[in-house]
Amino acid sequence: MTQTHSQGSSFIGRNPSVLYFLAALGLFTALVTVMSEAVGTGLVSTSFVKTLGKTLCLCLVAIAMDVVWGYCGILSLGHFAFFGIGGYAIGMWLMYARTEIIVADSLAGQTIPPTPQEISDAIGNQIFGVVGSSDFPLIWAFADSLWIQLAFVVLIPGALALVFGWLAFRSRVNGVYLSILTQAMTLALALYLFQNDSGLRGNNGLSGLQNIPGFADSGQDVVSIVFFLASALALALGYLFFAWITDSKLGNIIQAIRDDESRVRFLGYHVESYKLFVFTITAIVAGIAGALYYPQAGIINPAEIAPIASIYLAVWVAIGGRGRLYGAVIGAAVVSLLSSWFTGGGARSIDLGVYTIHWVDWWLMLLGLSFVLITLFAPKGIGGLFDKLVRKS
């Protein structure tokens, strides 16, 4: 079992990496802001600011995955579903509010002012016309309220994780069986959302999320830097929060559960309660990360929640080094940025004469090969290699 920390030392004294991480993140955020098109020299394009902002959100959900898997030993293959739910929750308000503005502007010139019902019908037709409907499903009952939808960003992932976790942990489902169950949950959710009658526009998903109400007079350069700063703040708070948890007595217990669950139970701890807490709180953080990610991506559809996305999330954490919060950040950041470079046209194709290597087609193979090599030769990931360099210096 994990040894308890010294009672006399401070939190930062026991975890200097937290201070280093926050300082590095603050410096990085300031540099990008200064070099952005919105407030600085324009050395960093708006599209790349969005890429960096999305990467910070992926780092946050990777930290949540690291806590539930690397620290507690629960290999969840469903945490990206919570990420997507957070995106859908805020996306509903964004799409409704933006469509309401468009409809109001188009009807403003009429001699007879439109009634609230006519405006509502026009909004419904604009949003759901793509799936052959014009009626608002019950799930959209509060889509016009920003504060309620923000509450849903936290409540829905938390409630789903709480119910699922309670059912699974009380039955003492562990190991690969629990991983399969979380994957089945994710698949069921994705298949449901693919249906047109799900109320969330089926395969079309929610689009135009980058058009933020209240920023009509501002360009995407301003919107991108605002969300970049919000993502950086969320990552800093999330890192600090989870570092505090993992450094506490609670952190010692969940790591002991990872190492020897039966022994912890024998010592009198209610293992299922600790697992349920970790599973639920990390799902909530994943939902918050998704709510920040998809307004920067501009669109969300059911493919984002497919089980493969949660598998990628586990790969990021493994590459970065599970059981290390900064390892999860490194893994998510490296893979996300490399993915954007290889699949976004940054890496030029290589003509070998008889065959041309298009990196868009080879990127996933490279990612899989990297995962295999790190698992075989550096099981502690990039973070583990970093630890060795620090100890040698």
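This is a predicted model: local features need pLDDT of at least 70, side-chain atom pairs count only at pLDDT 80 or more; totals for chains, interfaces and linings use all residues.
Buried here means under 20% relative accessible area, exposed is over 50%, and partly exposed sits in between (1.4 Å probe, protein chains only). Helices (H or I, at least four residues) and strands (E, at least two) are DSSP runs, numbered from the N terminus. Residues are numbered from 1 along each chain as its sequence is written, and side-chain values use heavy atoms, with hydrogens and water left out.

**View 1. Helix α3, largely enclosed by the rest of the structure.** Of the 26 residues of α3, 23 are buried, so the rest of the structure largely encloses this helix. From first C-alpha to last, α3 reaches 36 Å, close to the 38 Å expected at 1.5 Å a residue; the expected span is 1.5 Å times one less than the number of residues. There is a bend of about 25° at Met-65, taken as the angle between axes fitted to the seven residues ending there and the seven starting there. Just after α3 comes Gly-73, with a positive phi of about 85°.

**View 2. The second largest pocket, with a volume of about 540 Å³.** On a 1 Å grid over the protein atoms alone, a pocket is an open set of points where a 1.4 Å probe fits, with protein on both sides within 12 Å along at least five of seven lines; lining residues have an atom within 4 Å of a point. Grid points are joined across faces, edges and corners, and the volume is the space filled by probe spheres set on them. Of the 20 lining residues, Leu-58, Tyr-293, Tyr-312, Trp-316 and Ser-339 are the closest to the centre. Helices α3 (46-71), α12 (307-320), α13 (325-343) and α14 (359-377) each supply at least two lining residues, and α13 gives the most, with five. By class, the lining has twelve nonpolar, six polar and two charged residues. For that tally, Ala, Val, Leu, Ile, Met, Phe, Trp, Tyr, Cys and Pro are nonpolar, Asp, Glu, Lys and Arg are charged, and the others, Gly among them, are polar.

**View 3. Cys-57 and Cys-72, two buried cysteines.** With a disulfide defined as a pair of cysteine sulfur atoms within 2.5 Å, the count comes to zero. Cys-57 is in no disulfide, and its nearest cysteine sulfur, that of Cys-59, is 9.0 Å away. Cys-57 is buried at a relative accessible area of 2%, and Cys-72 counts as buried at 2% too.

View 4. Ile-254 lies in helix α9 (residues 249-259) and is buried, with a relative accessible area of 0%. Phe-28, in helix α2 (residues 16-35), is partly exposed at 32% relative accessible area.

**View 5. Arg-172 and Arg-201, each with a positive phi.** Most residues other than glycine have a negative phi. Arg-172, in the loop between α6 (146-170) and α7 (175-194), has a positive phi of about 55° although it is not a glycine. Arg-201 has a positive phi of about 70° and belongs to the loop between α7 and β1 (206-207). Arg-201 is buried, with a relative accessible area of 7%.
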